[in-house]
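Student: Please pick one part of this structure and go through it closely. I would also like to know how that part sits in the rest.

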Amino acid sequence: MSEYQWPRDQFYRLRCEKAARSLQERGFSTIVAEDREDAAEQILAAIGAKDRVGIPGTVTVRELDLVRRLSARGNEVIEHWLPDASAEEVRRQRLGQLTSDVLLTSTNALTLEGELVNIDGTGNRVAAMVFGPQRVIVVAGANKIAHDIPEALERSKRIAGPINAMRLGLDKPCAKAGYCVECAPSTTICAITVIMERAPSDTDMLVVLVPEDLGY
Ligand code: SF4
């Protein structure tokens with residue numbers, strides 16, 4: 001490891017710890033993991049063997065290999081990133097996520113003050129985060145931590161938006177330019193913005209923070 005790595009690690013850890021304190025004040029439970037493997041193990045431990053787990057569009061969860069690990073140990077995983085799935089099947093899976101026992105997802109951004117910020121195209125991910133599953137687990141790398149809501153909204157559009165447009169192979173201006181051009185409502189994938197200022201009243205929400213880069 002580079003001799004210059006430790007300040008970056010410390011920077012990330014301090015930001016995770018500050019965000020965790022703020023999230024707790026807003027009704028979220030939190031874990032600050034040691035690293036990505038520790039995060040994956042703590043998430044697996046927090047999910048029951050018989051829980052039906054909804055996993056919406058999230059790169060972070062897949063980077064932690066949790067779709068495979070949950071399926072391998074016998075959990076029913078409800079996801080819609082399925083090769084060759086029909087539109088009807090994708091819709092059925094998305095609806096299934098709304099009634100899963102546990103929703104496992106990430107967030108486009110969160111703030112040092114403990115707010116979660118997400119921008120969706122379809123809306124199934126943010127809908128399930130707000131209401132439906134009794135438990136929601138949000139896992140986020142420290143790269144997702146913004147100073148405040150304006151910075152969180154900016155990162156959601158200026159970083160997550162273009163990279164997701166590229167990942168999906170969409171013909172969007174940001175996918176070609178590499179930055180958000182605030183395209184027209186008729187073309188945008190940034191359709192629905194949800195800011196959680198505290199944990200929803202009827203949902204147990206656990207936020208797992210990882211002092212590493214994860215997701216977009
Ligand atoms: S607003 Fe348009 S250009 Fe900006 S990230 Fe969203 S889809 Fe891309």
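Tutor: The protein chain has 8 helices and 10 strands, where helices (H or I, at least four residues) and strands (E, at least two) are DSSP runs numbered from the N terminus. Its radius of gyration is 17 Å, close to the 17 Å that the globule rule gives for 216 residues, so the chain is as compact as a globular protein of that length. That radius is taken over C-alpha atoms, and the rule is 2.2 Å times the number of residues to the power 0.38. This is a predicted model: local features need pLDDT of at least 70, side-chain atom pairs count only at pLDDT 80 or more, and totals for chains, interfaces and linings use all residues. Residues are numbered from 1 along each chain as its sequence is written.

The part to look at is strand 10, residues 204–210. Of its 7 residues, 6 are buried, so strand 10 is largely enclosed by the rest of the structure. A residue counts as buried if 20 or more other C-beta atoms, placed from the backbone, lie within 10 Å of its own; it is exposed at 12 or fewer, and partly exposed in between. In the protein chain, buried residues make up 39% of the 216.

Now the neighbours of strand 10. Strands of a sheet pair through backbone hydrogen bonds, either parallel or antiparallel. Two strands are said to pair here if DSSP finds at least two bridges between them. Strand 1 (residues 29–32) pairs with strand 10 in the parallel sense, over 4 bridges. Here I31 has V208 of strand 10 as its bridge partner. Strand 7 (residues 135–141) is also parallel to strand 10, and their pairing runs over 7 bridges. For V136, the bridge partner in strand 10 is M205.

Contact means that the C-beta atoms of two residues, placed from the backbone, lie within 7 Å. Among contacts in the protein chain with a separation of 6 or more, 76% are between residues 24 or more positions apart.

Elsewhere in the chain there is an open sheet of 4 strands with mixed pairing, ordered 8-5-6-9. Its edge strands are strand 8 (145–146) and strand 9 (192–196), which each pair on one side only. Helix 7 packs on that sheet, touching strand 5 (109–111), strand 6, strand 8 and strand 9. Strand 6 (residues 116–120) and strand 9 run antiparallel, joined by 5 bridges, and the bridge partner of V117 in strand 9 is I195.

Notes. Axes fitted to C-alpha atoms, helices over the stretch in contact; angles between N-to-C directions.
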